[in-house]
Amino acid sequence: MDIKTRLFHYIKPQKKNILFASISVIIFLISQLLLPYLVGKSINAFGEMDGTQFIVDIDLNTIVINLTIAAALCFIGAFFDFIFEYLVNIMSQNIVKAIRDDVYHKLNNAPIKTIDNMQSGDLVQLEIGDIENIANGFLSVFKQLIQGLLAIIITIILMFLVNWILAIGVIVLTPLSFFVSKFVATFSHKHFKKQAKLMSDLNALSLEAISDADLVQSLGYEKESIKAFQIQDEKLREEGKVAQFSASWTNPSTRLVNNTIYAIIGIAGIIMILYTASFPILAMNIGNLTSFLSYTTEYTKPFNEISSVMAEFETAQFSFKRINNFLNLQDDIDEGKIILDEPIKEISFENMSFSYEKDQHLIEDFNQIIKNNEQVAIVGPTGAGKTTLINVLMRFYDPVDGRITYNGIDGKDISKKSLRSNFGMVLQDTWIFTGTILENVRYAKPDSSDEDVISACKQAHADTFINTLPEGYNTLVSSKSGLSEGERQLLTIARVMLAKPNIIILDEATSNIDTRTEKQISDAFDKMMENHTSIVIAHRLSTIQNASLILVLKDGHIIEKGNHKNLMTKKGFYYDLYSSQFK
Amino acid sequence: MKLKTKDIIKKSWPYFIIGPAVKMIEAIFDLLIPLFMKAIIDLCFSSSNDIVTNSLGSFIKSFGTWIPNNPELNYSIIGGFIILIMGITGFCTTMVCQYIAAKTATAVGTELRDNLYQKILSLSKKEREMMTENKMLTILNSDSYQVQQGVLFFIRLGIRAPFIILGSLVISFILDYQIGLIFLAIIPIILTIVFLVMMKSSKKYLEIQSKLDVLSNKTSDNIAGTRVVRAFNRQEYEEKSFKSHTASYQKEAIRVGRLNSLINPLTFAIVAIATIAVVFIGGFSMNAGVSFFGYQLLPSTIITLVSYLTQIFQTLVLLTNLIQIFTKSLVSMKRCDQLLQLESSIKCDGTYINKNYLFKQPYLVFNHVYLSYKENGNYALTDLNFTLNKGESLGIIGPTGSGKSSIIKLIERFLDATEGTLLYKGQDIKNYSLKDLRKEIGYVPQKANLFKGTILSNFKMADDEASNQEIEKALKIAKAHDFVKAYNDYLQHEVEEKGMNFSGGQRQRLTIARALIRKPELLILDDSTSALDLLTDKEVRNNISKSYPNLTKIIVSQRVSTISDCDLILVLEGGKIIAQGKHDELLKTCKTYEETYLSQAKRGD
């Protein structure tokens with residue numbers, strides 16, 4: 001979808017709101033702008049010009065009628081102004097929600113590859129900051145535009161009604177104010193951008209040192225670090241001064257322009273009154289002058305307001321462009337239609353090759369059959385392709401060449417949902433979301449009871465530490481705080497214990513757990529996995545000695561396979577790796 | 001001396017007087033312009049005069065008459081010029097004030113940030129953990145900016161806004177005291193309404209902000225857990241739960257919006273009604289003969305009063321915004337002060353240097369050492385006693401959370417012992433200057449973090465006089481030279497934030513090399529070889545022993561193999577030493593040690 005279509009897509013459901021908002025704003029503006037007209041008329045009813053002298057001759061009736069109408073209009077105007085602002089706000093929040101939900105949907109349905117290739121911070125910025133920008137920018141511009149443009153049109157009409165000559169004068173003069181404030185806004189926006197950049201540099205600098213303050217102190221690097229901070233801070237000061245100063249031109253220069261216009265229109269009006277007797281075409285009087293001075297202010301206001309939100313509008317445009325690009329990304333296509341009606345018994349890699357990038361050779365011509373109830377261990381140096389293998393197995397990525405069959409069916413033909421429901425996986429990078437311990441573990445199987453969750457935690461040997469937490473199972477945890485890496489691993493293991501899947505994948509799942517606890521967990525797994533297939537990746541070779549099949553991977557190839565005994569007698573790569581522990 | 005935010009602001013006190021003073025010139029002109037307009041109108045059209053027209057009128061007349069046959073035209077042109085000149089002069093003086101404001105505010109902000117940063121780095125681990133990293137960063141980056149904004153707007157508008165409102169009020173009283181009373185009545189009404197709504201909505205705004213935080217957390221959780229979400233097939237659930245959060249955000253935002261939508265219509269209505277009232281009263285007063293108030297208002301007065309009304313109204317809205325900025329700024333000031341008032345609990349006034357240190361004295365002694373992170377809290381370390389001699393190695397092993405790293409924190413003096421004493425080179429460790437102590441220690445932390453810059457810049461951090469040969473030597477010992485050599489730019493190779501462009505193992509080797517470059521007397525490896533494979537781990541340790549035979553070492557690890565050849569091994573559990581000795585002794589005497597060893601290596605066949 002291009003940007004316009006996308007924008008229209010979000011605006012379309014809001015037609016009713018737009019319609020009623022527009023009607024309300026028209027009523028409001030007419031009422032508001034008629035006020036100076038009626039006030040001018042009342043003042044005219046105070047008396048008449050005789051030559052150049054104002055002679056008092058009150059027409060109380062006219063005054064009372066005009067002011068009563070004005071008072072009524074004032075209440076009507078206020079009411080519809082409220083309705084207008086209220087509707088615009090509802091509309092903007094509806095649109096914000098729609099975009100947010102769409103972005104989140106995309107996050108959950110884009111291919112893993114897409115998510116992997118993007119920075120997590122950028123994605124959060126897209127979902128939170130960019131959408132806020134749209135709400136602030138687009139919608140305030142929308143509001144100012146509707147209100148401003150209508151106000152301008154109505155004011156022009158009313159000014160012509162009062163006095164066409166001065167009306168032309170105002171129309172010619174006011175764009176001045178628009179250009180001045182637009183110029184100031186663009187100029188200061190540029191400097192604010194620079195300031196923002198310097199600010200985020202300074203943030204990064206301080207974040208680095210503060211989050212590693214121990215190290216900085218231990219290296220005795222405080223003085224240098226403070227100096228580096230001061231240098232960066234000084235740059236920020238220089239730019240900040242310029243930015244703040246340039247932004248502060250807005251109000252004074254607008255005031256200057258307005259005062260100038262006020263003086264010119266005022267004096268011109270007075271002169272016109274003086275000559276109305278000799279040149280009736282000027283048709284000016286004191287009441288009209290009062291109305292005019294009000295209209296001049298009313299007329300310049302929308303110009304200033306529109307130009308002041310222009311910078312926000314540009315930001316919003318950028319944000320919307322980014323969101324549109326993200327939403328235009330291809331969804332993860334699941335061409336697999338087959339739904340497995342029985343658990344996966346056999347997995348077979350057939351001449352399978354895979355790489356993340358073209359021209360890169362990660363896994364090549366991989367052949368292996370994993371049978372039911374087999375306990376497979378994959379070992380090998382970093383970068384051998386162990387985790388990649390899991391990525392392909394779970395269909396987070398598809399093989400570049402060859403295929404993987406599950407129960408003899410090509411993986412590509414099986415629906416991802418059905419395929420993945422066979423696996424339970426514990427990854428190297430633990431994932432704990434913001435929520436209670438109970439919620440985090442239950443995530444694996446939403447319909448399980450508290451008792452089930454607790455018993456899974458007991459099996460994972462997580463129960464002991466959970467009970468030392470302030471609120472036990474109801475303690476709130478998040479990705480950032482609360483738990484040590486080892487404790488997080490225990491929780492993710494508990495998840496799999498709860499899900500009891502057919503096939504268990506453990507990718508360095510116990511790397512931060514002390515070896516004794518690890519042993520106890522692996523016993524628990526052994527008990528649980530008696531009738532299960534398991535695939536384990538481990539650095540610590542001691543944990544995998546019981547595996548029925550050990551695959552030794554190097555550079556994407558299986559270089560050795562067999563059980564622990566066979567591999568040890570072979571005295572090959574595995575033997576070296578293993579014996580290094582006891583040297 | 002403890003610095004406060006106030007002290008930093010006070011330093012710029014002359015600007016707080018000059019700035020607003022210059023700005024007053026414009027404010028006075030702004031107040032005079034409608035009066036001049038009135039004087040011109042009266043000079044032209046009215047035979048009756050009031051005090052304003054008399055004084056300003058004679059001022060205009062003093063410029064002389066150049067168009068003799070049409071004095072009215074003459075006066076209005078002169079008056080027009082006077083108004084224009086006042087506008088331009090006002091503009092120029094204002095810009096002077098704006099410049100002073102920008103300069104002073106950024107100076108205050110910068111000095112505040114520098115001081116905050118300095119303070120943070122001087123704090124010990126205890127205070128830093130108490131404040132939390134996030135809070136310190138917020139104070140440093142956003143609260144300091146908030147204070148800066150407060151200063152900026154105070155100089156710019158702090159005096160001007162109230163002055164304009166008061167001035168308009170005074171002038172309206174001079175023009176007509178009864179209408180002045182109307183003005184006096186509406187000012188508090190508008191102020192109260194706008195203020196009430198703003199107070200309420202800013203409270204609600206905090207709620208909205210926290211709802212937005214929830215959305216943000218949910219999004220980053222979801223991104224981090226992409227694989228898990230899909231592995232458990234929970235995409236639909238995720239979306240549903242997210243939608244319920246966006247719905248609640250939407251509801252709250254609409255509620256706040258509704259409140260804010262009240263401000264404009266209400267103020268519009270009040271000002272409009274006031275205008276109507278002014279004209280109405282004016283009309284009655286002018287109704288000759290039946291004068292309602294017993295005197296007459298000039299039509300010019302009515303026009304002028306209406307423009308003061310607008311003036312008051314606009315400034316009031318500005319004033320309420322200002323009050324909000326100042327409130328925020330005051331809160332931020334308090335938060336900054338809270339940080340500035342902190343004092344490091346580690347006193348580093350010690351100056352002792354043990355020049356007479358003899359090898360015969362133990363290098364490090366723990367004597368009944370206890371450590372508690374909170375006052376009266378549970379002990380993280382309980383009654384530790386051990387002795388380490390110069391040139392020997394100490395291994396520490398134990399499960400997660402057993403207190404291994406806490407021991408290291410005591411030796412580095414990130415923390416002080418709650419009870420008991422640490423003797424370093426025969427002297428209480430507190431007697432040394434912090435700088436000298438840390439200079440002698442090469443510390444490789446658990447988290448192998450590098451700083452943004454280059455490989456070279458990271459080494460220079462540890463020792464800014466290190467030569468390339470020395471760095472090369474350290475790299476070779478830490479087995480990092482091979483991969484560093486492979487970079488075209490060698491030591492100039494870029495290091496991204498936290499060294500994320502290196503693998504965990506590479507980072508650990510670089511941090512070990514970085515510690516070695518300092519030629520330490522004591523090397524501490526806090527689980528710092530965990531990401532290395534066993535072979536490399538062993539080689540690195542052997543290299544270190546060979547190259548620095550006199551180096552005293554402390555090695556913390558979960559791997560028995562890493563510490564098995566140490567001269568002394570401490571087995572920790574629950575913050576207590578449950579056994580200490582050499583590897584072979586421990587295998588016989590300590591069951592936990594034996595079990596740990598067996599769990600890592602069944603030697604069987």
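Modeller: Happy to! Start with Ser393(B), which stands opposite Lys553(B) in strand E10(B). Ser393(B) belongs to strand E3 (residues 393-397) of chain B, and five bridges join E3(B) to E10 (residues 552-557) of chain B, the two running parallel. Keep in mind that this is a predicted model, where local features need pLDDT of at least 70, side-chain atom pairs count only at pLDDT 80 or more, and totals for chains, interfaces and linings use all residues. Residues are numbered from 1 along each chain as its sequence is written, while chains are lettered from A and ligands numbered from 1 in the order in which they are written.

Now step back to the whole sheet. It is open, with six strands in the order E6-E9-E10-E3-E11-E12 (chain B), and its pairing is mixed. (Strands, E, of at least two residues and helices, H or I, of at least four are DSSP runs numbered from the N terminus; two strands pair if DSSP finds at least two bridges between them.) At the edges stand E6 (441-444) and E12 (576-581) of chain B, each with a single partner strand, so one side of each has no neighbour in the sheet. On average, neighbouring strands are turned by 15 degrees against each other, direction ignored.

Helices join the picture too. H18 (residues 504-516) of chain B packs on the sheet, touching E6 and E9 (522-526) of chain B, and its direction makes about 170 degrees with that of E6(B). (Contact means C-beta atoms, placed from the backbone, within 7 Å; axes are lines fitted to C-alpha atoms, for helices over the stretch in contact, with angles from 0 to 180 degrees between N-to-C directions.) H22 (residues 591-600) of chain B lies across E3, E11 (568-573) and E12 of chain B, at about 95 degrees to E11(B).

Definitions and conventions:
Two residues are in contact if their C-beta atoms, placed from the backbone, lie within 7 Å.
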